[in-house]
Amino acid sequence: IHWNHYEAKQYRTHDHVDHYESTLRPFFMYRDEESVDDWPDTKEKLGERYEAYAGQITNMSGKLEEVADFSSPRTLGQATKRRQLDP
């Protein structure tokens with residue numbers, strides 16, 4: 001529910017979206033556990049972004065960033081590189 005406003009602290013930053021798209025998506029998609037706290041390799045996969053994926057507040061600064069184009073990956077992580085290699 002929202003009361004005609006957005007909770008900016010609950011929006012992911014562009015950096016988090018890039019990180020998810022380029023690196024984490026395969027790990028999230030194919031896990032049986034819904035909570036990242038149940039993963040045995042949580043700290044390894046999430047690193048400094050742990051709170052943004054596991055906590056209630058995903059954007060500590062509370063600032064909304066400018067509109068961005070996410071139609072193609074802006075960061076080349078493992079998942080992005082693998083998709084580019086697939087025929």
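This is a short chat about the predicted model shown above.

User: Hi! What should I know about the model before we start?

Analyst: It is a predicted model, with residues numbered from 1 along each chain as its sequence is written, and local features need pLDDT of at least 70, while side-chain atom pairs count only at pLDDT 80 or more. Totals for chains, interfaces and linings use all residues, and side-chain values use heavy atoms, with hydrogens and water left out.

User: Thanks. How many helices and strands are there in the chain?

Analyst: There are 4 helices and 0 strands, and the order from the N terminus is α-α-α-α. Helices (H or I, at least four residues) and strands (E, at least two) are DSSP runs, numbered from the N terminus.

User: Where is the kink in H1?

Analyst: Helix H1, residues 14–29, has a kink of about 65 degrees at Thr-23, shortly before the proline Pro-26. The bend is the angle between axes fitted to the seven residues ending at a residue and the seven starting there.

User: And which residues of H1 are buried?

Analyst: They are His-14, His-16, Asp-18, His-19, Ser-22, Thr-23, Leu-24 and Phe-27. Buried means under 20% relative accessible area, exposed over 50%, and partly exposed in between (1.4 Å probe, protein chains only). Over the whole chain, 29% of the 87 residues are buried.

User: Which residues make up the largest nonpolar core?

Analyst: That core has 7 residues: Leu-24, Phe-27, Val-36, Trp-39, Leu-46, Tyr-50 and Tyr-53. H1 and helix H3 (50–54) each supply at least two residues of this core. A nonpolar core is a set of buried Ala, Val, Leu, Ile, Met, Phe, Trp, Tyr and Cys residues joined through side-chain atoms within 4.5 Å.

User: What does Tyr-53 touch?

Analyst: Leaving out residues up to four places away in sequence, Tyr-53 touches Arg-12, His-16, His-19, Tyr-20, Leu-24, Phe-28, Val-36 and Leu-46. Contact means heavy atoms within 4.5 Å.

User: Switching to Lys-45: buried or exposed?

Analyst: Lys-45 is buried, at a relative accessible area of 19%, and is found in helix H2, residues 42–46. Its contacts, again not counting residues up to four places away in sequence, are His-19, Leu-24, Phe-27, Arg-31 and Trp-39.

User: How many salt bridges does the structure hold?

Analyst: It holds 2 salt bridges, each a side-chain nitrogen of Lys or Arg within 4 Å of a carboxyl oxygen of Asp or Glu. Asp-15 pairs with Arg-49 at 3.0 Å, N to O. Asp-15 lies in H1 and Arg-49 in the loop between H2 and H3, so this pair ties together parts that are 34 residues apart in sequence. Asp-15 is partly exposed at 41% relative accessibility, whereas Arg-49 is buried at 17%.

User: And which residue does Glu-21 bridge to?

Analyst: Glu-21 pairs with Arg-25, with the closest N and O atoms 3.0 Å apart. Both lie in helix H1, 4 residues apart, about one turn of the helix.

User: Last one: which residues form the nonpolar patch on the surface?

Analyst: Tyr-6, Tyr-11 and Leu-64, with about 380 Å² of accessible area together. Such patches take residues with over 30% relative accessible area and no salt bridge; nonpolar side chains (Val, Leu, Ile, Met, Phe, Trp, Tyr) are joined within 5 Å, and like charges within 9 Å. Areas come from the Shrake-Rupley method with a 1.4 Å probe; for residues, only the protein chains shown count as cover. Tyr-6 lies in the segment before H1 and counts as exposed at 62% relative accessibility.
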